[in-house]
Amino acid sequence: MTDTSTSREAGSTLLRVRDLDVAYHRPRRRGGDLHAVRGVDLTVHRGETVGLVGESGSGKSTIGSAILGLVPATGGAVDFDGADITHSSRADRQLLARRMQVVFQDPYGSMNPAHTVGDTLSEALHHNLGLPADAMRERVLRALDDVGLPPGAARRYPASFSGGQRQRIAIARALVMEPDFVVCDEAVSALDLSVQAQVLNLLARLKRTRGLSYLFISHDLSVVRYLSDQIVVLYSGRVVERGPASQVADKPGHPYTRALLAAAPVPDPVIQRRRHAERLRTLSATPTPGRTSKGCDFAPRCPFAQEACWSTVPELVDHGDVAVACHRYDEIVAGPVNSLSTQGTP
């Protein structure tokens, strides 16, 4: 694996996903194979957070799992620090665990309630690095301090901590390996808003102090916007929009991205009612992940779909700093969305 000073410079490419496909085999009577991810490209640079956003079933967690080697890729490639890790062996994955870690949504479900926090954090160090006891203890205490927990937390059991504290422990477990890259898979979605903000601030601080790079996976565009430098919007296994976080979240160009933005709560009740109405209008139908279609996967749910949307899959086209896969992008960004025609919808 590349280990040069040039490759480790801030801003250099750390992770590149190229034309990634992930399919799950299903019997023909159930519709055949399910294509959870189709032709996805994304890049994470050193010191950068890339937010991956979409509804449940969009394929975002599958991408994270494919990067980590938890599910096999059926097409495309995953490069990490210049090396192809798509089909890495178990031994290679054990080495990669020193540089790639993950924080899941449910920290308690991934901890052994019979083990102390110190034992939980030391386990990965023992199996992957074989460090002596003193070195492991030093790393554990440093990781706990980095996430705002006292040294005494190492002697306690998971059940004695709150949900937010458990998520901090899960982050500490990732930090003890001193990784370069962390996948955060819905890492704050199970937390209440105040605790969610604390954990997001913690992740942002660790990014600055440790130089971490994140793939931050969430269904909430407003949460992704807070932490991310770049945002990738996923629908039915395909990328429909990507670009700088400020542009994607503040001036979305795809109808689906607009609907995700409308789902985020705001304090103004007038704006909230308008957003709620737009979300209901746009996301009125149920998505069908990985379905086979001659046209745009979002067409059955899109209030602006026309004949071309049902017959041709839109390509991901660059529009300045952003890329959008929508036949009607120019019309959507040119004027009020509500004035768009829906003629041509079957």
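**Figure 1. Overview of the predicted model, with 12 helices and 12 strands.** Helices (H or I, at least four residues) and strands (E, at least two) are DSSP runs, numbered from the N terminus. The protein has 346 residues, and 49% of them count as buried; buried means under 20% relative accessible area, exposed over 50%, and partly exposed in between (1.4 Å probe, protein chains only). Its accessible surface comes to about 16500 Å², with 50% belonging to carbon and sulfur atoms; the areas come from the Shrake-Rupley method with a 1.4 Å probe, and for residues only the protein chains shown count as cover. Taking contacts (heavy atoms within 4.5 Å) between residues at least 6 apart in sequence, 66% join residues at least 24 apart. Residues are numbered from 1 along each chain as its sequence is written. Because this is a predicted model, local features need pLDDT of at least 70 and side-chain atom pairs count only at pLDDT 80 or more, while totals for chains, interfaces and linings use all residues; side-chain values use heavy atoms, with hydrogens and water left out.

**Figure 2. Close-up of the salt bridge between R18 and D79.** A salt bridge here is a side-chain nitrogen of Lys or Arg within 4 Å of a carboxyl oxygen of Asp or Glu, and the count by this rule comes to 15. In the pair shown, the closest N and O atoms of R18 and D79 are 2.7 Å apart. R18 sits in strand β1 (residues 13–24) and D79 in strand β4 (residues 75–80), so the bridge ties together parts 61 residues apart in sequence. R18 is partly exposed at 35% relative accessible area, whereas D79 is buried at 16%.

**Figure 3. Close-up of K60 and E186, joined by a salt bridge.** The N to O distance is 3.9 Å. This pair links distant parts of the chain, 126 residues apart: K60 belongs to helix α1 (residues 60–68), and E186 to the loop between β7 (181–185) and α6 (193–210). Look at the burial of both partners: K60 has a relative accessible area of 5% and is buried, and E186 also counts as buried, at 10%.

Figure 4. R142 is partly exposed at 42% relative accessibility, while D146 is buried at 15%.
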